[in-house]
Amino acid sequence: MAPPLTLRGTDGIWMVNGPPDIGTAAQFPGEKSKCRCMAYSNDGSRLAWCTEDQLTIINTTSFKNVFQLDINKVVCMKFSPKATILVMWQNYTVNPETKQGNPNLHLYDITTGVMLRSFIQKKQKNWDPNWTKDEGVCCRNVNNELHFFENNKFDEIKVKLLMQKISEYSLAESDPPYVVAGYVPGAKGAPSFVRAYQYPNFGGQQAALASKSFFKSDTVTMHWNGTGTALLVLSSTEVSEQSYYGDQGLHFISTRGESCLVPRSKNGPVYHVEWSPKCTDFCVVYGFMPAKATLYNLKSEPLFDFGTGPRNVAYFNPQGSILCLAGFGNLSGNLEFWDTKQRRLICQTKAPDTTVFQFHPDGEHFLTATTSPRLRVGNGYRIWHFTGSLLQQVNVGSDKELLEIKWQPVAEGTFPERVLNYKAAQAMAAEVNPVAGVKGGVYRPPQARGTEPSFKLHDYEAPSDPNKKQPTDTTENKSASKNKKKREARKAKMAQSNEEGSEASCPTPSMSSTPASAMGAVVSQAPSTGDPDKDKKARNLRKKLQAIQKLKEQKAAGKPLELNQIEKLKTEDTLVAELSALGLADDWS
């Protein structure tokens with residue numbers, strides 16, 4: 001059975017079937033009460049939701065209750081990777097009588113319904129414990145210490161990782177050997193650093209698998225690949241001199257001990273980082289708008305440059321065969337779909353007002369939705385094919401709000417990678433219908449409406465392969481080299497003729513018998529006075545008189561002269577007088 005679409009709104013939780021049975025109702029009876037949150041297990045076999053006073057877990061195959069618990073004010077919850085434990089977080093409160101904090105982080109065994117342990121977790125940030133893929137190790141950050149538990153036995157802390165003032169950590173959700181990374185912010189001029197360790201070898205700095213230090217970091221976000229062999233660390237500052245949004249730096253760390261700064265070919269912020277499900281490459285969207293997107297390998301070397309465009313996020317489908325580059329938030333919702341194997345653009349489309357994007361588990365369909373509270377009007381969802389065909393569009397109504405929407409997950413390997421078929425699926429909705437009462441688009445003045453824009457706001461760079469050598473045209477290179485040699489020979493010949501002309505002593509014919517086309521020869525054949533300084537001055541005077549002679553011809557032909565040219569004509573008598581003082585005025589008499 002195809003995985004259904006699960007929706008949570010102001011009137012409860014319901015399901016609808018996805019491809020290929022789009023539009024039909026699922027067998028799920030639904031929940032009519034208002035729900036605060038919902039969560040799926042990784043394999044989609046369990047679904048949990050919490051109303052104002054009750055928690056419910058069901059089997060998604062039979063839709064029968066697996067576990068129910070009377071508990072209120074649950075804000076967040078999630079399943080462990082193998083769906084054996086459900087962890088819930090409530091807002092932190094203090095007992096008014098004892099003045100002690102009440103435990104607000106609870107872990108329940110789903111099979112028996114027994115609460116395994118309760119902790120105090122004051123802040124919602126990083127509230128959830130992290131597990132490895134096989135649930136062999138679980139980790140929590142407690143007062144700048146990392147506490148590790150094994151085999152879901154939470155009564156005993158197996159190992160502690162002590163890093164002074166550790167503020168962030170990330171446990172790779174992978175198979176053994178287990179790896180964990182911790183971040184310590186810099187202080188008093190010292191740099192911030194991230195260190196990666198292999199569990200349980202935490203014996204000091206020398207035990208670290210890899211370490212990376214850097215400045216300009218207030219917060220970091222860490223991203224492990226699926227196999228736990230490489231880590232991306234996105235560091236950021238709140239403000240900077242260059243940007244109101246601060247500075248970002250992207251660092252690569254390998255468990256083999258390698259670390260480096262990921263090179264970027266354009267200045268600006270880093271909007272999004274995404275690992276491929278194949279764990280061999282990752283995509284980064286960065287740079288001032290229009291943003292650039294680049295695919296890198298495990299050596300942080302660029303594999304392919306997708307050019308620039310209006311995008312700020314990147315998503316791989318579950319098989320890693322398709323990459324979607326999208327522009328949401330303050331962008332207009334552009335979508336680009338790329339074949340990651342062929343490095344080929346499949347299609348482009350647009351989904352405005354999108355707040356949620358998610359690929360279908362089959363990797364060929366995807367979901368876009370407008371949800372509350374990000375946007376409280378026009379809530380609804382659309383189902384698409386990766387070729388850009390819109391298959392379904394549903395609006396929840398102006399009196400309702402859509403709070404959350406997601407595909408039901410499936411077990412790993414349910415949908416293997418298939419050869420992509422670029423043939424567009426049959427569209428069931430011709431276009432993205434605008435919501436009634438909601439105006440969209442860019443404002444244009446009345447006189448410009450109904451016409452095409454007369455300018456482009458941005459010039460986009462084309463995609464390119466940085467590792468592909470550009471073909472060279474040997475014929476063109478040979479021709480350019482030949483022309484260069486000709487120009488050099490011509491210059492050398494002219495220089496030689498000028499030197500010979502300055503040394504010649506033959507008389508110069510008068511201007512009255514010399515045509516304008518031969519004036520260059522007049523200068524080269526000018527008589528010499530025997531004094532090099534006087535000869536140089538005479539040559540300059542003759543050049544000025546030749547220019548005046550050309551202006552006279554232009555004036556006689558009826559061409560209007562500029563003011564500076566008219567002033568130049570008035571200097572003829574002065575120039576002739578200077579030439580006469582040198583004893584060479586006969587040529588211009």
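Predicted model: local features only at pLDDT ≥ 70, side-chain atom pairs only at ≥ 80, totals over all residues.
View 1. For context, most residues other than glycine have a negative phi.

**View 2. Phe63, another non-glycine residue with a positive phi.** Here phi is about 60° at Phe63, and again the residue is not a glycine. Look for Phe63 in the loop that runs between strand S5 (55-59) and strand S6 (65-69). Is Phe63 buried or exposed? Phe63 is buried, because its relative accessible area is 15% and the cut-off for buried is under 20%.

**View 3. The cis peptide bond between Pro176 and Pro177.** Two prolines meet here, and the peptide bond that joins Pro176 and Pro177 is cis, with omega about 0°. Pro177 belongs to the loop between strand S15 (168-171) and strand S16 (179-184). As a reminder when checking the torsions, most peptide bonds are trans.

**View 4. The cis peptide bond between Tyr199 and Pro200.** In this close-up, Tyr199 and Pro200 are joined by a cis peptide bond, and omega is about 0°. Where does Pro200 lie? You will find Pro200 in the loop between strand S17 (192-198) and strand S18 (210-214).

**View 5. A patch of positive charge on the surface.** Which residues gather in this patch? They are Lys482, Lys484, Lys486, Arg487, Arg490 and Lys491. One of them, Lys484, is found in helix H1, which spans residues 474-503. Lys484 counts as partly exposed because its relative accessibility is 47%, and the exposed class begins over 50%.

**View 6. The whole chain, for orientation.** Of its 589 residues, 43% are buried. Among contacts with a separation of 6 or more, residues 24 or more positions apart account for 43%. The chain exposes about 32,900 Å², and carbon and sulfur atoms supply 49% of that area.

Conventions: Residues numbered from 1 in each chain as written. Heavy atoms only, no water. Buried < 20%, exposed > 50% of the residue type's maximum accessible area, 1.4 Å probe, protein only. Contact = heavy atoms within 4.5 Å. Areas by Shrake-Rupley, 256 points an atom, 1.4 Å probe, with all protein chains shown as cover. Patch = residues over 30% accessible without salt bridge, like charges linked within 9 Å, V, L, I, M, F, W, Y side chains within 5 Å. Salt bridge = Lys/Arg side-chain N within 4 Å of Asp/Glu carboxyl O. Lys, Arg positive; Asp, Glu negative; His and termini not counted. Charge placed at Lys NZ, Arg CZ, Asp CG, Glu CD. Helix = DSSP H or I, 4+ residues; strand = E, 2+ residues; numbered from the N terminus.
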